[in-house]
Amino acid sequence: MMAHRPIKRRPRVVGVIASRADLERAMGMRRPPDLFELRLDRLAGMADQVESALPKLRRPLIITARDPHEGGANNLRLRQRRDLLARFLNHADYVDIELRSAHVLRALLTNAKTKKVRQIISFHNFKSTPSARILAAKARQARCHGADIFKVATRTDTPMELGRLLEFMTSSRWNGSLAVMGIGKLGAISRVLLARAGSVLIYASVAAATNVEGQMSLEQVRALGFGP
């Protein structure tokens, strides 16, 4: 028997802060998004400045220090990533840890749960989109690690790849929240379609342009009817 999926709500918009310029822009926003994501792997060299800026962001925070195998910057070692996450954990509403890192960072996840910081367990593939069956298996693994949200971001250059993400969204037996998005030629349209299909988060650049193929700016996302 298929589990009941959560009632669909408006997807929340996440403004990605990945540089000094992003941070300054986010602090001055008159209309901030629902949440901000701090890409701590990209901000590692300016952690003191980020910490002092937190009161000016005025929105709930997602913190992540991405694994280099899944697009993380600065080739950070596991200990460096763990220390960054631990430093900012008290300021976070969500912590995002890759599925591949969840086991070795289980102590940090346990600490996050104690602090009532919710958990995003994520999977990124910048080369292709696996089958819906493989993605469903990864969702089950994420659930075993205590995920509140399972996030998937994969390459969507073809309609077939986008179709796999849509199939996963609509056929998954996991009754938790899913944040699913494409990267690549069909990345932008994938984010709209998947948001309509129930993806709970839409990630957007706080800058007018981004080097993430398929990621829209906050202005573009708002123009499509998403976000505050």
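Tutor: A salt bridge is counted here when a side-chain nitrogen of Lys or Arg lies within 4 Å of a carboxyl oxygen of Asp or Glu. Side chains of opposite charge can pair when their charged atoms come close. Keep in mind that this is a predicted model, and that by this criterion the structure holds 14 salt bridges.

Let us begin with R39 and D41, whose side chains meet in a salt bridge with N and O 2.7 Å apart. To say whether these residues are buried, we need a cut-off, which is a relative accessible area under 20%. R39 counts as buried because its relative accessibility is 13%, and D41 counts as buried because its relative accessibility is 0%.

The next pair is D48 with R87, which form a salt bridge whose closest N and O atoms are 2.5 Å apart. Because D48 lies in helix α2 and R87 lies in helix α3, which covers residues 78–88, this pair ties together parts that are 39 residues apart in sequence. D48 is exposed, with a relative accessible area of 56%, while R87 is partly exposed, with 33%.

A further salt bridge joins E70 to R100, and here the closest N and O atoms are 2.8 Å apart. E70 sits in the loop between β3 (61–64) and α3, and R100 sits in the loop between β4 (94–98) and α4 (106–114), so the pair ties together parts that are 30 residues apart in sequence. On accessibility, E70 counts as buried at 3%, whereas R100 is partly exposed, with a relative accessible area of 48%. Elsewhere, salt bridges that share partners join R66, D67, R81, D96, E98 and K151 into one network.

In helix α1, which spans residues 20–27, the buried residues are D22, L23 and A26. Seen down the axis of α1, these buried residues fall within an arc of 100°, so they line one face of the helix. An α-helix has 3.6 residues a turn, so residues three or four places apart point the same way. What covers the buried residues of α1 includes α2 (47–53), together with the strands β1 (12–17) and β2 (35–39).

Definitions and conventions:
Residues are numbered from 1 along each chain as its sequence is written. This is a predicted model: local features need pLDDT of at least 70, side-chain atom pairs count only at pLDDT 80 or more; totals for chains, interfaces and linings use all residues. Side-chain values use heavy atoms; hydrogens and water are left out. Buried means under 20% relative accessible area, exposed over 50%, partly exposed in between (1.4 Å probe, protein chains only). Helices (H or I, at least four residues) and strands (E, at least two) are DSSP runs, numbered from the N terminus. The arc is that of the directions from the helix axis to the C-beta atoms. Contact means heavy atoms within 4.5 Å.
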